[in-house]
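Work through the two exercises below with the model open. Try each task before you read its solution.

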Amino acid sequence: MASIFSTVIPGPPIKVFELTAAFNADQHENKVNLGVGAYRTDEGVPWVLPVVRNVEAQLAADMTLNKEYLPITGLASFTEAAAKLVLGEESPVLIQNKYCCCQTISGTGACYLALLFYRKIMNVKNVLCSNPTWPNHINMAKEQGYTVGKYRYWNEKTKGINIEGMLEDLKTAEEGSLIILHATAHNPTGVDATREQWQQICEVIKERKHLILFDIAYQGFATGDLDNDAWAVRYFISQGQEMMIAQSFAKNFGLYCERIGNLCVVNNDSTVNHKILSQLKYLVRVTWSNPPAHGARIVSTVLNTPALFAEWKDCVQSMASRIQQMRQLLKSKLSELGTPGNWDHITQQIGMFCYTGLTAKQVDHMKKKFHVYLLDDGRINVCGVTSGNVDWVAEAIKDSVVSVTD
């Protein structure tokens with residue numbers, strides 16, 4: 001008997017998960033996974049932060065906790081602490097109550113909810129993403145009926161930001177478009193604007209009356225400095241810009257599977273907070289209905305306890321430092337091997353990802369000959385590089401650059 005679902009066609013592939021599946025199936029003893037977007041230790045394994053282990057033990061022993069639903073907008077002690085983290089403790093926005101928050105299903109959920117709000121509640125039709133960007137930005141926007149455009153970002157020649165192209169595209173975009181900005185550690189390029197460039201970007205967005213969605217998935221994780229990584233967000237706010245900020249605690253807390261995020265809405269009039277929250281509550285109710293408590297309790301406990309907060313900052317600094325060390329080591333190994341080309345961009349970029357400049361054919365060569373797995377656009381997760389595999393990775397890159405030239 002034929003199924004009513006027989007007409008269903010296969011969905012589009014999700015490349016990063018397909019890459020991980022191929023890596024897992026590979027039996028080669030020297031295989032390396034540079035694709036997955038998660039932190040790894042120098043032993044190549046996931047790291048549960050000690051401060052997280054500590055707090056989880058405390059929570060497990062607390063017999064006053066239960067498994068009841070949270071409020072629709074989440075755990076208030078978490079969302080308030082998250083807002084303070086990104087806005088800054090002395091932010092006038094906090095003091096004047098010109099913001100509101102909603103707990104989300106990690107950073108993806110925060111981006112999704114922000115896009116849904118702008119589209120359904122504010123009737124925004126056009127959104128611009130950087131070229132390139134995290135693919136889910138585009139996927140989510142298209143699913144919600146936006147006309148999706150791109151602003152130039154990556155400069156292939158310099159392996160840096162194309163600031164002139166970006167500013168031009170923002171200037172010529174339809175007035176009032178929604179602009180998605182990566183606050184720090186741009187994914188996938190690892191290339192961030194300088195402070196002077198951020199000021200130029202802010203000025204153009206303000207002139208064109210564009211709307212803003214800041215995606216900040218790597219606060220603290222990018223440079224090891226929480227305040228430095230939030231500078232762009234705070235500068236835009238200092239210039240009177242209203243915005244939505246999508247926060248993720250997957251990377252900087254290592255809570256990938258707990259799905260803990262926050263959507264912070266900054267406005268210029270505290271009297272509209274209740275209106276915004278009422279719409280957010282409705283949108284959440286018809287999507288995930290209610291957020292998870294466990295991860296929110298972990299983050300809330302850490303951010304609201306000075307000793308634990310200090311311990312967490314040390315953990316974040318440790319992760320950021322290892323990434324920086326691996327960047328330097330990989331660049332040094334490529335130099336020692338006499339790898340053709342300039343590889344300065346490896347250490348000039350920041351955060352988890354490095355946009356190597358390798359072509360799709362060179363990437364394929366690395367997979368087949370060296371069993372080194374990375375995305376076709378040449379993006380690597382620097383956390384996947386270790387002191388034990390860096391020589392193999394560097395040799396794979398050199399051989400690919402030399403052998404595959406077209």
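**Exercise 1: a helix pair**

Which residues in H8 meet which residues in H10? Then describe how the two helices pack.

Solution. This is a predicted model.

Step 1. Find the helices. H8 covers residues 195-207, and H10 covers residues 231-238.

Step 2. List the contacts. From H8 come Arg195, Trp198, Gln199, Ile201, Cys202 and Ile205. From H10 come Trp231, Ala232, Tyr235 and Phe236.

Step 3. Sort these residues by class. The contact of H8 with H10 has eight nonpolar, one polar and one charged residues.

Step 4. Two packed helices are described by the angle between their axes and the distance between the axes. For H8 and H10, the angle is about 40° and the axes lie 10 Å apart.

Step 5. Name the arrangement. Angles under 35 degrees count as roughly parallel, and 65 to 115 as roughly perpendicular. H8 and H10 are therefore oblique to each other.

Step 6. H8 and H10 cross in a right-handed way.

**Exercise 2: the largest pocket**

What is the volume of the largest pocket, and which helix gives the largest share of its lining?

Solution. 

Step 1. State the volume. The largest pocket has about 1400 Å³.

Step 2. Look at its centre. Of the 43 lining residues, Val16, Trp134, Pro135, Asn136 and Arg379 are the closest to the centre.

Step 3. Trace the elements. H1 (15-25), H5 (106-121), H6 (135-143) and strand E11 (353-355) each supply at least two lining residues. H6 gives the largest share, five residues.

Step 4. Sort by class. The lining has 22 nonpolar, 13 polar and eight charged residues.

Key: Residues are numbered from 1 along each chain as its sequence is written. This is a predicted model: local features need pLDDT of at least 70, side-chain atom pairs count only at pLDDT 80 or more; totals for chains, interfaces and linings use all residues. Side-chain values use heavy atoms; hydrogens and water are left out. On a 1 Å grid over the protein atoms alone, a cavity is a set of points where a 1.4 Å probe fits but cannot get out, and a pocket is an open set with protein on both sides within 12 Å along at least five of seven lines; lining residues have an atom within 4 Å of a point. Grid points are joined across faces, edges and corners, and a volume is the space filled by probe spheres set on the points. Helices (H or I, at least four residues) and strands (E, at least two) are DSSP runs, numbered from the N terminus. Ala, Val, Leu, Ile, Met, Phe, Trp, Tyr, Cys and Pro count as nonpolar, Asp, Glu, Lys and Arg as charged, and the others, Gly among them, as polar. Axes are lines fitted to C-alpha atoms, for helices over the stretch in contact, and angles run from 0 to 180 degrees between N-to-C directions. Angles under 35 degrees count as roughly parallel, over 145 as roughly antiparallel, 65 to 115 as roughly perpendicular and the rest as oblique. A crossing is left-handed if the near helix is turned anticlockwise from the far one by less than a right angle, and right-handed if clockwise. Contact means heavy atoms within 4.5 Å.
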